[in-house]
Structures are given as C-alpha cells and as structure tokens.
Amino acid sequence: MIDRRGTRHISPRHVAARAAVAFLTLAAVGTGCTGGSEQTANAKTPPTSTASPGTGGGHTLVARNGIGAGQITIPGAEPEDGQWLRPAKDYASTRFSGLDQITTANASQLKLAWSFSTGVLRGQEAAPLVVGSTMYVVTPYPNILYALDLSKPGGPAKWKYEPQPLAAAQGVACCDVVNRGAAFADGKIFYNTLDNQTIAVDATTGKEVWRTQLGDINHGETITMAPLVVKGKVLVGNSGGELGIRGWLTALDAKTGKVAWRAYHAGPDSLVRIGPRFKPFYKTDQGKDLGVTTWPPDKWKQGGAGAWGWISYDAALNLIYYGTANPGPWNPEQRPGDNKWSSTTFARDPDTGEAVWAYQVTPHDLHDYDGINESILLDLPWKGQTRRVLVRPERDGYVYVQDRTTGEVLAADTFGVVNSTLGVNLQTGRPAVNQEKEPQMGKVVREICPASPGTKDWQPSAFSPRTGLLYIPHQNLCMDVEPVEANYIAGTPYVGMNVKMYAGPGGHRGVFDAWDPIARKKVWSVTEDFPVWSGALVTAGDVVFYGTMDGWFKALDARSGAILWRAKLGSGIIGQPVTYRAPDGKQYVAILAGVGGWPGAIVSAGIDARDSSAGLGIANAMRDLPNATTKGGTLYVFGLP
Amino acid sequence: MTWAGSIFDTAGTPAERIARLAWFLIIVSAVTYLLVLVATGIAIRRARARRTRGDLADTRPETAKRLTRNVAIATIATTLILLVYVTATALTGKAIAWPLNARQPLTIEVTGYQWWWQFRYRDSVPSNWLTTSNELHIPVGRPVRVILLSNDVIHSFWIPELHGKQDLIPGHRNTTWIQADRPGVWKAHCAEFCGHQHAKMQFDVVAESPAQFDQWYRRQLASALPPTDSAAKRGHDVFVQRTCIMCHSINGTEAGSNVGPELTHIASRPSIAAGSLPNTRVNLGRWILNPQLIKPGVRMPPNALSPADMNALLDYLETLK
Amino acid sequence: MSAQPLPAERAVESDPNSPASLHDRLERVWRNGPGLWGWLTSVNHKSIALRSIITAFAFFGIAGVEAALMRVQLARPENSFIGPDLYNQLFTTHGSAMMFLFAVPVVQSVALYFVPIMIGTRNVAFPRLNAFGYWTYLIGGVLLFSGLFTNTGPDQGWFSYVPLAGPGFSPGKRVDIWAQMITFTEIAAIVAAIEVIVTVFKQRAPGMSLNRVPPFVWAMVVMSFMVLVAMPYVATASAMLAMDRLIATQFFNYAEGGDALLWQHLFWFFGHPEVYIIFIPGLGMVSAIVATFSRRPVFGYTAVVLSLVAIGFLSFGLWVHHMFATPLTQTGQSFFTAASAMIAIPTGVTIFCWIATIWSGRPRFDTPMLYVVGFIALFTIGGLSGLLLASVPVDLQITDTDFLPGHIHYVLLGGMVFPLFGALHYWFPKVTGRMMSERLGKVSFWLLFIGVNVTFFPQLLLGIAGMPRRVYTYLADSGWGGLNLTSSIGAGLIALGMLLLVINVARSLAAGAAAGADPWGGETLEWAISSPAPDYNFAYIPIVHGRSALWADTGDLDAVAGLREDRREILQTTMLDAVPDSRHEHPDPTIVPLLTALAVGVGLIWGIFDPIGFVVGGVLTFIALAAWGWPEKPSLTRARSWRCQSDRRR
Amino acid sequence: MRTRRYLRQWGRIAAICALGLALACEREKRRFNDASPSAPAYAAVTLDTLQPGVPSPELTVKSPSEGNAYDIAQGKQLFEQWNCSGCHSHGGGGMGPPLMDNEWIYGSSPENIVATIVEGRPNGMPSFRNRITANQLWQLAAYVRSMSGLEAKAPSPGRNDGMQYKVDEQRTPFRTPRASASKTLPAKSERP
C-alpha cells in the first residue's frame, strides 16, 4: 500500500545490496528496568549475548551494512527496556527502539488504542516519555505536564503539573510556542518552560522539586528545547536567534537546580568556556577570542546562536555534542565576519562545560541555517577502519559525517536541493558559498535552496542499526530574500530579512529519506506534499514511523520505503513518535498530533497568507495548509489488536 | 578664487586635477565669450555706421564671401577648441580614476539615510569594523575606497575639497575614492535632492595624520563607558527607558537601533543633527526637545522630557566622549 | 533695398468681384461663433494660439512669483520665511510649470499662431485636434496649480527621481498630480507638434519650396520633430511612475526587476532634448527679428537651417550627461563628453551667422533687436557654462550645485525668454494692431538684462563655492550669504522688469499707437496681411517666388484664387516644392474637442484617486471620439480644377 | 430672483469645492510639529461598551493621523523600523497576530490601537509606554488600520520599494472589523 501522494524511489543497486544485508542481534540485559541510571558501556566492546526477537530483550545495536561495508555500532547502547526516557531515546540520538512486535508484516493491523487531549491547541512537537507504567506528555505553552497511567485502560491522567509561565513569553517565541519534550532521570521529569525556566518535577507525585530561571524574555530569550540529563547535570540551551539573544548552553545540577556552568556561544573565550583543552580541527576555528573578533564591535552580545536543538552524549569520550543556532540578525551585512560560534557544532565536557573541539558548520551564516540538528553518534566503518563519528543531516542540506573525537569532517553530502553552497571543502572544513545567492542590501536574491528552515529543520531523524540507514524527515523549500536593516530593540525581533518561501524543485514540500551513511547516498525517498515536520522513529521490527502536516501518521517498511499503514489523525502532525512496551507487554506507538511549529503556525497562530512574508516567509509556502488541517492537541496511541 | 568649501579649495588629487581642468575651461570659455562679445560689438558698430551713412544692408557677393570665410574660420576655431576640450576632459578623467595599484587602501561603506550619513570602516578583522555617523575621519596620504549605499532614496556623496560627487542609489553599489593630501576639516553635503531635509544633510570630514587617525579610530572603536556619577546614571536610564532607545544605538548599552545615527561617541563629534548644529550642550538640549523647530520634517520627534530628565540625559550624553 | 510689401487687403479691395463682400464672405465662414459658446467651440488657430500664449504667460507669472518667494527664502541663511515642505513644492512646481506649462507650450503656441501665416495658409492642419490640445494643456496646468493651492503640490523635484518620487517616499497624491500634469501637457505638446509639421509640409503657399521656408518656420519644424521623438519618453515615464504608485507596477523598483536608474534614463532622454526644444524656437525667433531689423535676410540661410537640424539630432545624444554621478564607465564618459562638445558647433554656427547678419546689415535697435543682442550675451554664457557641465570630471564637482540653476537659467532665459520677449515686441502689432511702447520696452529690457545677470551669475559662483541646489536654506557659517543676497536682489530687478513689461503690454493694448499691416518692414508673409490678422488670414493665398516673400525683387505678390468662399477651405500643396495639390475642407467650430479633453481629464484625474477613473475616462473618451469621427459630409475633396490667377500689380 | 438662484447654485458648488480642497489639504498635510492629543486622552478610551449602570458618554479622541497620507506613510516606516513587522510581518502575522484580517481582539479604532501599543497586551504584545511619542503612535495606528483597508484608499500607501509580498494597502479591500466590543465596529463614515 503506497500513499497515493507519496512516491517511492528505490535505488536498484541497493536492492541487490539489501539482499546481502546480514545483521546481528544482541541481547540486552535485564527487563522492565524502570531506573534512569546512566549506563556507560564501552562502545568498542559491546555486550554480545544473543536473544531472539520478541522475547522482550533489547536488540543490540550492531548492524552490518551491504557491499563490503563493515559494522555500524551505536556507542553506549543501552539494552532495550521498552521505555522512552528522553526524546531521542538514547544518548546517541538514534530514536531506534529494539521493540519488534510491530513488524512489516503486521503493521497494517495497527489500531488506535486510546487517545488523550492535551487541551492546548498549539504546535505539539514534544516526544511523550514512557517511564515504567507512566507516560509523560509536555504541551506547548502553557507547558502543562501530564502523567498518564499506562497500567489502566485508556491511559487516564494521574496528575497534571502547571508551571504557569509568563503569558508575555509568547510574544518572543519566534516560531510558535512549542516545546520539544522532557527528560527523565533520577525519578524526576525535567523540562523547560517558554519563559526560560527549567523545572524538575517528581515523576511519581507530580510535585515540583525545583525551578530555575535561566533567561529573560525582555532580552528575547525563550526555551523550547528538551533538556538532556547527563551525569547528574541537566543541559539546557536557549532560543531566540531572531530576537538578538546571546546564546548559551547551561548545565544545572539535577538535584538542586543550581547552575553548574554556562557556556556562551559568542564572546571572549572565557565565556565560551574555551580553554587549554580546546583543539578544533580546522584552522579557521582556531585562535583566541574568535567569539569577539569575528563580530563587529559589541554585536556578539546580540548575536543569537542559541542552542534549541538536540544534544548527544558519548560516555566513552565523556563528551556532549550539540549545535548552536543561527547568528542574529539574519541580515548578514550587519555582521561581517565568521560570527563565531554561531551555527557551530561543539564537543564539550559535560562536567565542566569546557569545549574540546568546535566546528563552525556555516561560518557567517547567510540564510538562517541554524546548526542545531541532532548528532547521531555511530561507530562507522570508514575506509577500512572504524571511526567514531557523529552523523548529522544538517540544515544547510548536507549530511555531515564527522570524527567525533577531533571534529574532522569525513564527508558532507547533499541530501536535498542545495544551491546556496557549492560543496564543503574537506581540507578547510568550509562550505563554498555560492556568491550568486548571497543576500545583499538593495537586492532581492531569488531561488535560494534550501530556504531558511533548511533542508531539514529541528525534526529529528532516526537510525536503525538493523538496516544501517538513517531516516531523515525533511522539507524541500526554496526562497526569495531581501535583506533590510535590522534594528536591535531588546525584546523585539531582530531579523532584517524579508523572506518568501515556496516549494523547491518538484513541487513537493516534504521528503522522507532513507540515507546510507557509508555509501553516502539515498537508498529510498518518499515525497510528501507538506513538509515532513515530525520526527522519525524506527524499530527493530523494521518499521519506520513519521507523521505529515495534513494529519497522516504513517508506517513504512524501513528497508524499502513501502507504506505499510497509515491513519488520519485529528490535526497535522509535527511531533515525535515514540514506541514503548506497556505494562500489558504489548508494543505501542504514541504520537502527539497538533499542527504548529514554524510551518504550521499558519494554522495554529492564524497567520494570514495574503502576506507572503508572514511567519518569517513560510506562510507563502504553506498557504494551503489551513485547507488540509485544523488546530489540535491530542495524543494518539496505536497498538496491534 | 579659492574660498573655503569651494571646488578650488582642493585637498586631494582628484579635486586638484578637476580644479585644474575647470580653470582651463573657465579661461577658455571666458576668452571665447569675450571674442563673441567683441565680434557682436564690432558688428553693431559697423552696422550703426552704415545706418548713419544711410547705406543699405550689404548684400554684395564679395561681402558674403568674406563673411562666409569668417564664419568658417570661427567654426573651425570652435571645433579645435572643442577637440582640446574633449582631450583635456578625457585625460583628466583618466587621472582621477581609482589608482589600481593603490596600496593599503582604506575601505569605507557610506550609507545614506533620510537625512544623515552612516560610515562603516572595513577591516580585515571584523571586530575592528567601525561604525560612525555624520563624521568621517580619514588619514592623510592614504587612498580611501568609498562604497556607496542608500537605505531609502538617492543621495549623493560629495566632499568638494577631495573629489566630485557620486550617487548613492538604492539597488546599486557605486564606488568612488578620495585621498586627502593635506590635513583639514571640511563640511560635506548631500548633493542629490532627497526630501525635506536635503538642505541639512551634511557631515564633517576630518583629514588628519595617520597617527592621529589611528588614535581616533581606536577611541571610536571602544564601547561607551558605563556612567559613573548619579546624574549620568539617571541620564543613561532616561536614554534606555524613553524614546531614545527606539532609534539610536550606543555600543556598550542596551541601545542598538539604527533608525537614527549611532551615538557611542557623540560627545566627541564637532556637530550634531547631521552637521547642522555645533555640538554644544544648549544645542543638544534644543535639538532633543524639538528637532522639528531646527529641521522641520526630520524623522526625530519632539521629546517631552522633564527638565530634570533632560539635564540628566545631557549629562550622560556629554560623558560619551 | 527697402521692400514695399503689398498688403493683401489692398488686393482684395481692388478685386472686381466686390472685394468688401469677399472679406465679409470669408469672415462669415471663418470667424468664431458668438459669445461664450463661440469661445469654447473655436477651432481657429489664432484664437487658440493666443489663448494658449496668454495661459502660458499666466503660468509663467505664477511660477515667477514662486521663484521670487524662493529667492526671498534664500536671501539670508537659516531664514524661516518658508519651511522645507512648502519650499519643495515651490521649486518643484516652479520647474515643472516653467518647463511643461510655459516654455514648451508658449513656443508651440507662437508657432501655431505664426507658422500658418508665415507659410500663407488659413488654418493649421487639424483645427479640432489643435483645440483639443489646448484644452488638455489647460486642464493639466490648472491641475498642477490647484494641487499647489490645496497643499498637494508636487514636492519631489521637477525631475521626479525615484524612489523619492515613488510610492514609498512621496505619500499622498502630490506626485500623481505631477505625473498626470505631464501626461496632459505631453498630449498637448505632441498634438501641437503634429499640427506644425503637417501644416508646414502640406499647406505652404504655392512656390514656397522647402528651401524658401523662413528660418523661423524651420526652427518650429525641427522643434516639432524633437517633440514627437522626445515627449513620448517622458509621457511614458510619467505614466510608468503613476502606475508604480497607483497600481503597483514595478518599473522603478530595483527589487522586482525594475531600476531607479531607468527613470533617469527615460527622463533625461526627454529632458535634455527638452532644453533644445525650448531654445530652438528661440533661435527661430531671433532669426526672424535679426533679419527684419538688420534689413537683410539672415546670412547663411542654409548653414542656419542645417545647424538647427543638426542641433535637433545631436540633442538626443547627450542625455547621459545629466547622470555622470550615477556613475558611468570611462568609455561612456568620453562618448557623452564628445557628443556634448559636438553640439556646440552648430550652435556656434547659428550665432556666428547672426553676428554676420548684423555685421553686414543696417540694423535698427528697437526693443526686439535689443532682446536679440541680450540673447547673444546671455545665451553664450549659458552655453559656455554648459561646456563645464559636459566635461565629466568638472561635472562631478559642479553638478547638483547652484551652478546648475545658474547655467540653466542663462540658457533658458537667454536662449528662450529673451527671444520670446523680443518676439512679443516684434509681433505684438500683428496680433493686436497696436505698437508697444519703445521707452518702456527698453527700460524693462535693461532691467531684465541686468536682473538676470545679477541673479544668476552669483549662482554660478555659488555652485563653484560648493552650495548644493534644491536646498531650502543654508547654514550661516557656509559663507554663501552674500552671493545669495545678491542673487535675490537680482530677482527683484527681474520682477521689476517683468512688471514694467506687463504695464507696457496693458498700456499698449489700451492706448498703443496703431500699427499698420507692416510696421517693421518685415520679410515674411505675416506682414502682408492686416493687423490684427483677419480670421481667414489671407483673402487670396499668396504665391511665393523667393526666400524673402515680401522683399522679393519683383515687389509683387501673386495670389491663388479658386478656393471656395462659402466654406472653410484650405489649399494643400506638395511636400517639397509646394505645388498646389488639392483643396481641403476644414471643420466648423465644434464643442467636441473640449468634450474630448474633459473626458480625458476625467479619466486622468479621477484615475489618480481610483484606478476605476481610468476606465470611466476611457469610456467617456471613446464616446467623445465617436462624436468626433461621426461622418457628416465628405471631408476631403480632391480638387478637380484649380487655377492660379496671376494677379500681378503694383 | 434669477441671480439669487445663480448665486445659490454657485455658492453650493463653491462649498463643495471648498470641502474638496479642505479634504485635500488635510490628506496632504505634513504635520511636523503639531501638538497631538496627549497620552492620558487615549488611555481613557474604553474598549467595551458594556458598562455597569448607565454607560458613560463616549470619550472621543480624534486621531490627527486619520486620512493623512504623510502620517500613514510615516507609520509604515516606523512599523518596519521598530520591528512591528518582526512579529506581525507585513500584516500577515507570525509571532504576533495578523493585522490585515478583520479580527480585532482589542479594538480597531485608532484609540484602541494606540492603547494596545502603549499598554501592551497580555499574550505577548510589548508595552511601548514612554518609548513612542503621541504623534508617532497615531501614525502607527493609522498605518495599522490601513493594512485591513480601514483607512481611505487615497491616503493609504502604495507598493513597497522592495520585494513584493502582498497587495499594497492602497488596494487592500475594506474588511468590516470583527470583535467582541461593539465600539470597534466602524461607523459608516469610516468606510472608505
């Protein structure tokens, strides 16, 4: 069954390759574990006990890829416990679940198990968490936290926690008032509110344990990201690259909520936490106080570069990896220089926040190419040896494969239509900017691909060690831009760019790709009419899930891309699907439906698309979305009958 | 005829060459003009004489022949003069073109706004890019490439002592160059009609020794120091909590808007209001209170500040050296 | 020799077929209707040209008062007499009115008045179109000044540079009024140009082959061709501007494929020839006056005529020298500098020829001749200062300074207004039948001559001193106060001179000495008919045997007979040799031109406020044109027989 | 008798002309230095007509910028330069609600809009109290109204000199404002 709108592309060469795929499954240790203890495992020597599928044990996460390729392993793999403790599932950010009850064979029988209305009708980007027999759901502003009891039929609410963030915070949230989820650790649920608070809530009682104010809406700051808890520290970054914030990543003590360290993403080295350990791979990232000297005087203080995306953690190297957002304002002529450390991938020591390396993906960003996308940590066979890499489908349209110990870029290949750059120079690490597409004051530059949301925005991809493929939900948008002078007035937008977006070549706006990181190419690809703004989920049953903005929740064969099942939900889907094993022992898939986010604000915030610059220019590309869906905010849970 | 501010009061090579050409043309024109007048005068006198004699008009063929010859000579002379003119123009035009072999040029972006100027000095290190308003300093002896941009309508950049005009046209990036061969302080004007306050869209040009220039540059690059005394502190608060913050920027404070001129070192400037008022405390106060009385139509609104607030604000602005 | 022209009426009187009744018959056929209706329906070229001249002078007066107000404002630094808002409206409407409502219409009107008479015909080629042209011109002029008086005066400069004149920076309807004023006046100008061209080429008196056409007529023909080529550019450009402002076209928007410089090219491709359009007729008037008062035909007829034609052609190659600062490549600079230099050659030739004419003539220095000498003295300064502006490097320094107003006023006052005032004194007797006062004329001439120099020479100096133009004030420490004050005093002298001129005209109208048919002993055909000219111009169409129709050695004036006297008939002749070709019936007075002009007016003015106005106006215009073209009777009768009656008599 | 009729007729025509002229003057006036109604005046404007007891007489504050082309154009520039467009885009909205539609949460009259700017609104609209002068507030309000066609067409702005992203205000059709407060419904005279 193939979606009428979707088309499938299967590389014929890969069909053959697929036949040769062999995979190992490894057993996990322990079942029904409810604890959130951070296990560290030596990535080089993963546990190797075997277990048959469906026994409730997790899969180990080693896969063999086709033709002559070696094994891809996921570092620090934890045994599958049927839970979902953090939005990315594991520290390597794979969004791979070892559960395999739902398979390519039976996925077509998926049925709605139950649903739950959050009562909030804005963009639902969060991933529900499943801890033991409880599911936790965070809503967009007003950031209500629900605990749902999975042990009872229909998942009734256990409790609800309302942090009551400032209503005014909505006025500085650039692209809908979303929240990307919570994290569980040490018996507490940690999450952030739009008005810059990080809150720890007792997972059992729903009582607030602590809350810490981290930022100031009067300076344009908000927090929308899901925190990551690493070694007793809650890592939080801010949003607001469109409002002249000063970006940072902050670590809070998970017990007390005290700030352990904060690293800014611009300014002198001391503020960026660049010290003696800092060894960036590329020359242009080396030097003293680059966070000051690569900006016009004082402008680094309003230079954006928040951290509103995803953080990964390699326990073996004891490094966290995350990317920083775009520099502000968008108008590049107002900030000559590389604008470090915007659009940069950082590797930091989670204990001290010290930077170990940094790689600026997009120096002197021209098109709002944030660098916040997820880094998927893999141990990859690469030219005859195993390299510890991070793989990142980036906003600028390239899949970066980087050595995660040094930051060296091993490969950068486009996975969408890209004309803003002409390739990445692996010697210097810098993308070759296409001068023709460089915005200049007094000029309208047309047909820049990808558009500001990039080839892929926040929507996280998933990696299956079983197929060796990366599943990338993304979009196909191009744009016309006109830079105008941006004026910094604290607490108001600081953009300086008029944008008009539209569908890229092909006319479709969304794509769901399966990408082979070793062969460095697409294996299959499904196109969607609207941007695929939801996250991806892949399971050991070789089923991959994602949702569309017109409300279809889809299950695809992870190997072929063939559609197995789909269901139309009450509103467009921009959330992150998760899967878990409920106390009844069955595997379920959960997704929040509620259109919104940047492209969905046209519905959730009632944007008027007669102004094609509305919503930072995305309204133009999304003008037919209101015909396809309406506001919503409902959790849907599907299972096999 | 080298009165101050005139095109003959030259201080740079291009202006110097143009002035030479202009003198040449003026002299040639004056001589030509005199010849025409003399010819006309003689014609009138001769004709008058003929009239007094009672003669008829002279239409004899031999006269016509002579006249034809004279007209032809005059025409040929005119043509020759014009040839010289075109050649001189072309030579001067070449001489004032941007010296391609210029070493270490300074590059300045000039942006025209209704009705003030912004200057942005480029540098290889971005944090040394300096932005100033309505005051242009250049080092003597160093060629300066000027990139001309406009934020709204067409303006024209003109420092008579240094070079001719070049327009700032929205949608175009024009360039020109200047070089001061001697120190000096001049006033420059917008030379293309740009609306209500075209008349008072001026800026101060200071050409100084490279050492002085570097000193000035370093000082301008620094952020404003935080206010120390209580009056200035209050003035700072007035600045960031009242209308000022919507349009002006002071590096080192919250104020970062570019709607109006940036004011980080306003106290060090010789004039305010785009070169149209000497920078004194009284003028500054008058200006802030009601700019419309001084420059009707200017985009800065009247600001109703209490006397105490106004004094504090002036105290603060005076600290911005 | 002293020509003794034979007034045509005398020929009429002695006609055997009851001459008085011939006059009556022609008068009955050719005169306007009675009363206001008659005035509104007139299609007589002289009536229309005269009211057009009066209208033009009225606009000249208003624009002059504006100039005076501006000079008062600029008399001292930081003056607060006029604020920038009003000042900008004043200088914009001053420039626009002088260019579009005075200079071009007035020379065209002089042409429409005298060209038919000088070439010996009874009316212009398309009399109704001629009337239509006047009415549109009037509507355009009234529109501009009613704008000014309702605080809707254009304030973007007469050159209307976008984007300042565009929708973003000129809110309201001020610029739209300007743009539509342009449309109206350009329609009128093009109409007049067509009139002149067709009239000259098809209605010349028999025998007046092209090489016998008076230099004045040649000047008007050259001017008319230039109008035909140049005016559509500005009319198109202003329509584009109006569309950009009203219906969001993107002609001048750099961001959507347009360009601000496109406007400048279009505008100056019209704007530079415009200057020549204005002063070539001036050269024509000078030729007429010089010849008459030197008592000899202009020296070097061929050279003068060819020079006029050459100026006409070359003037289209210079427009970029208004845009040297925009900027221009080295090659472009050289080309346009050379082209600008080249035009000085034919201009020089004409001046040399006039000097030669005076040199060999026997001149009388009556007021018209004084104005000619004034013309030479002033226009040469204008032309030579223009050489500075055409030289790219120097232009970069002095363009957009006060040098430019100085230069252009020397050119236009010297090259056009002085000849025009000369022509006023020269032809006033022909139009009114009365002489103007010589004494008052001379006093006002000297006041004007001195006034112009005192006003505009300081402006040349101010430009060199670095004073930008189009400024409503200047700072006290600029050092420009003295020269500006001088200039303002000069403006006072000009105003005084103008006042005397007006008094002279008024007094002469009421009590001037009666002028005969030919008070100056003129050379050309207009002096062959009575003063003021009868409605039908010529009772008999004269036959021309030489360049100087009335100074021909024969002294006789042959005439054509055979045109019908019971309806309006015109003799058409061939283009080159003016051999009689056919008779053409001309229309009777009609209200249709006025109605058509009103329909166009409704469309163009309403359209400023709502695009629907264009549609309504279009429909109304269509209806009016239908009425215009409604067939009544055959309009063209091919002459079956014509006779050339040799009526040679002393 | 006849003369008097003539006179009356001409008088009437003259009056109409004078009115037209007055309107033209008003539309084209450049108010550089006019005293505008001060802040407390518009602060006293009520949003709601539902008032306990007998409703108070309506407080009327006439916006000097209504129908004035220059003020609306100034408002448009300020709207861009002060980042209003950052949230409301060019009328279509984004971070803030659209302004070119007919939904007026806090009222569509100039006084309501000025009050909204000055006081801020709870769901994200910042308060610009003391940051914007009275005259500029009226200018902004007039421009905001022109975005949904509430201003007369003639003084409303034409197209931008820049990228085109919407139909200009001059050609934006009038849309009857919708809101809970009846005060915000436009009087007939408000229709262009």
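Colleague: Which residues of α8(B) are buried?

Modeller: In this predicted model, B:A312, B:L313, B:L314, B:D315, B:Y316, B:L317 and B:T319 are buried. A residue is called buried if 20 or more other C-beta atoms, placed from the backbone, lie within 10 Å of its own, exposed if 12 or fewer do, and partly exposed in between. Local features need pLDDT of at least 70 and side-chain atom pairs count only at pLDDT 80 or more, while totals for chains, interfaces and linings use all residues. Residues are numbered from 1 along each chain as written, and chains are lettered from A in the order in which they are written.

Colleague: What covers the buried residues of α8(B)?

Modeller: The cover includes α4 (230-241) and α6 (281-289) of chain B. Helices here are DSSP runs of H or I with at least four residues, strands are runs of E with at least two, and both are numbered from the N terminus.

Colleague: How do you know that the span of α8(B) is close to the expected one?

Modeller: The expected span is 1.5 Å times one less than the number of residues. Helix α8(B), residues 307-319, has 13 residues and reaches 18 Å from its first C-alpha to its last, close to the expected 18 Å.

Colleague: Why is β12(A) described as largely enclosed?

Modeller: 5 of the 6 residues of β12(A), residues 197-202, are buried, so the rest of the structure largely encloses this strand.

Colleague: What makes β11(A) and β12(A) a pair?

Modeller: Two strands pair if DSSP finds at least two bridges between them. Strand β11(A), residues 188-192, and β12(A) have 5 bridges in the antiparallel sense, so they pair. In this pairing A:K188 stands opposite A:D202. The hairpin has 4 residues between the strands, and A:N196 takes a positive phi near 70 degrees there.

Colleague: Which residue stands opposite A:V201 in β13(A)?

Modeller: That is A:E208. β12(A) and β13(A), residues 208-213, pair in the antiparallel sense over 5 bridges. In their hairpin, with 5 residues between the strands, A:G206 takes a positive phi near 80 degrees.

Colleague: Which residues touch the most other members of the largest nonpolar core?

Modeller: Of its 549 residues, A:A182 and A:V544 do. The largest share, 22 residues, comes from helix α5 (residues 84-118) of chain C. A nonpolar core is a set of buried Ala, Val, Leu, Ile, Met, Phe, Trp, Tyr and Cys residues joined through C-beta atoms within 7 Å.

Terms used: Two residues are in contact if their C-beta atoms, placed from the backbone, lie within 7 Å.
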